[in-house]
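Please look through the structure below with the following explanation beside it. The paragraphs go from aromatic rings to a sheet and then to a single side chain.

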Amino acid sequence: MNAVHSEAVYSDAPVVSARGLRKLYKGKPALDDTRFDIGPGRIVGLIGPNGAGKTTALKAVLGLIPFEGELKVLGRDPRTERDDLMKDVCFIADVAVLPRWIRVREAIEFVAGVHPRFDRAKCERFLLNTKLTPQMRVREMSKGMIVQLHLALVMAIDARLLILDEPTLGLDILYRKEFYKRLLEDYFDEHKTIVITTHQVEEIENILTDVMFIRDGKVVLEAQMDTLGERYVDVLVDAGRLEEARALKPVDEHALPFGKTRMLFEGVPASQLAGLGETRIPDLADLFVAVMKGTYA
Amino acid sequence: MNAIYDTPEQTPVQRATRSIGAADRFKMLLKREFWENRGGFVWAPVITGAIATLFALIGAIGGSWAVQHAKATSNFSQDLQVPAGELHPLAMAADLVLLGGMWIAIIVMVFVVFFYLLGSLYDERRDRSVLFWKSLPVADTETVLSKLAWAVVLAPLFAIAIGIGIGLVLWLVMAVTTFLNGVPGASAMFTDSRPFHMIWQVISVIPVYTAWSLPTVGWLMLCSAWAKRFPFLWAVLLPILGCALISLSGGIFGAISGLEFPFEQLWYVVVFRGLMGLIPGTWYARIGTDSIQLDGPQDMPNHFDLSGSWAAFATLDMWLGITLGVAMIVLAIRLRRWRDEG
């Protein structure tokens, strides 16, 4: 046992491929014919309003719930091959799920004892820069320290897919920045895929390679971050050209002080927009608000 | 392996993997349970034993005073006649003390295991740590079986081991007290007692205990896996109130119609087998105590023989209980696998 051996993995196949997912919660669809693909080496932001089905989609991918439809995660069906799948998939559900009684030393020993891809030395190295000590129990830690421990455990696992569901909920800005910094510097590489859901869109915007908007159980926008600028343009329209701009059918519009109006255009060539006013690539948050218009109405 | 990886232009990536055998993984799961429940499995019986020792010490001091007082008033019989072939009363007392030590630890264990099982699949859902456990490559079956192993095998073994320790301490208290007071024939405690016989008798009924307790264990685990809140109320009040309600309405209906309802069997199956199976020796209610053959307390250590317990395996009752218990455990595993924690 415990012999270290290498395993060849071909990393160009899709990591997640979902077709026609369906799941009802109390008669209301949480997944409604959901379809999406996630490629290897991507950092995907799964973004949607409350109750849009983000967590349900992630739970389906993790094999935690029954659902209908076709879903392959690393070539396996999470419903029937979950035990095997979990060797290659890891997740942080949210900050408070480490058992309160466990000590740092015990958590490390346990994961080392059950996970074939856990690197104990790596985990201990991650913990060196924290205030955590081996004897410390989770119940004695602050929320931020619990996340440090959880992240150290998870980052020491050489998984191919890491799923983070609101991983930084309730953390202060220092811990949140640190969290994503560690993830990018010490964990992510081209053979790994990370899927993140969060409400703090601004904080992850810069690290994402792909974005998926989900609404009422459907994926309403699926795009690579670097192509967003080709598809969407934000224009600060001068007061005199409002009618001209409106004729190009903006997807969203709101007035700003000093007579300017911001409009978001989809699929309108940049040359047509340039004359209307100052243009720029929209923030994910603006885009989100525009796409999700009327969700809570 | 998977066909989709077989396209030639794909590049392989080397990843470090250790192989972990199922046995090693299971040992780690058992260790995990121990970390979490050390207080119940170790400290609860140890502390109870310490309290028992304290009482024994107080008794020893009081007893010594009484003996010295009796000696002073020459009211104390120096000779103790032990008929040939009979056990010396002090040796018998020594055996009883050892048995008492084990008994104390086992009683504590019964309570600990009862609440351990009620929390076994509920606590992790309440604090949502189940999502952490489920993020690791461990099958639900393995996890549930590790908890089962603690409840019906390891906890009893721990209790017996700690009970032996308690028994030895009590034994020591008794030995020192009798020697200091010059009780004649005190050495019989060591020469005539049969500690290994007692210990072996207790250990040898563990398989009977395990099998007999399965319906209770299964029921408690099922409630623990199923209840959204208050697993204790579901597990305990539901069967008791259910039986009471059926008995009451059955009694009224029976009085009117003249039909006899099998109340006794109902209570036996639901409450006795379904809730009280963790209490050791309850199987004697089915097989009878004839096999123990006691003529009086003096025979207790002399003939202390629990091997008759194995007759429980010859009853249909036992096998029905095992079947139901296993079915409920399988159901609990399924619940843990598919239950959506919201």
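Over all chains of this model, the count of aromatic pairs comes to 17, and it should be kept in mind throughout that the model is predicted. One of these pairs is formed by A:Phe179 and A:Tyr180, whose ring centres are 5.2 Å apart and whose planes stand at 85°, so the pair is edge-to-face. A:Phe179 counts as buried because its relative accessibility is 2%, and A:Tyr180, with a relative accessible area of 5%, is buried as well.

In chain B, the rings of B:Phe34 and B:Phe158 make a tilted pair, with 5.7 Å from centre to centre and 50° between the planes. Because B:Phe34 belongs to helix 1 (residues 22-72) of chain B and B:Phe158 to helix 5 (residues 140-180) of chain B, this pair ties together parts that are 124 residues apart in sequence. B:Phe34 is partly exposed, at a relative accessible area of 22%, and B:Phe158 is partly exposed too, at 29%. Both belong to a cluster in which ring pairs link B:Phe34, B:Phe41, B:Tyr116, B:Trp150 and B:Phe158.

In chain A, the charged end of A:Lys192 sits over the ring of A:Tyr187, 4.9 Å from its centre, while in chain B, B:Arg32 lies over the face of B:Trp133, at 4.3 Å from the ring centre.

Turning to the strands, chain A contains an open sheet of 4 strands in the order 12-13-11-14, with antiparallel pairing. Its edge strands, each of which pairs on one side only, are strand 12 (252-255) and strand 14 (277-280) of chain A, and the twist from one strand to the next averages 20°. Strand 12 of chain A is joined by 4 bridges to strand 13 (residues 261-266) of chain A, and the two run antiparallel; A:Glu253, for instance, has A:Met263 in strand 13 of chain A as its bridge partner. Across strand 11 (232-237), strand 12, strand 13 and strand 14 of chain A lies helix 11 (residues 284-291) of chain A, which runs at about 75° to strand 13 of chain A.

Finally, consider A:Arg76, which is placed in the loop between strand 5 (68-73) and helix 2 (82-85) of chain A. Is this residue buried or exposed? A:Arg76 is buried, because its relative accessible area is 6%, which is under the 20% limit for that term. Its side chain makes a polar contact with the side chain of A:Asp84 (3.0 Å) and another with the side chain of A:Asp88 (3.0 Å). Leaving aside neighbours within four places in sequence, the residues in contact with A:Arg76 also include A:Leu71, A:Glu81 and A:Leu85.

How values were computed: Residues numbered from 1 in each chain as written. Chains lettered and ligands numbered in written order. Predicted model: local features only at pLDDT ≥ 70, side-chain atom pairs only at ≥ 80, totals over all residues. Heavy atoms only, no water. Buried < 20%, exposed > 50% of the residue type's maximum accessible area, 1.4 Å probe, protein only. Polar contact = N/O pair within 3.5 Å; in protein donor to acceptor, adjacent residues only side chain to side chain. Contact = heavy atoms within 4.5 Å. Pairing = 2+ DSSP bridges. Axes fitted to C-alpha atoms, helices over the stretch in contact; angles between N-to-C directions. Phe/Tyr/Trp six-rings, centres within 6.5 Å; stacked < 30°, edge-to-face > 60°. Lys NZ or Arg CZ within 6 Å of the ring centre and 35° of its normal.
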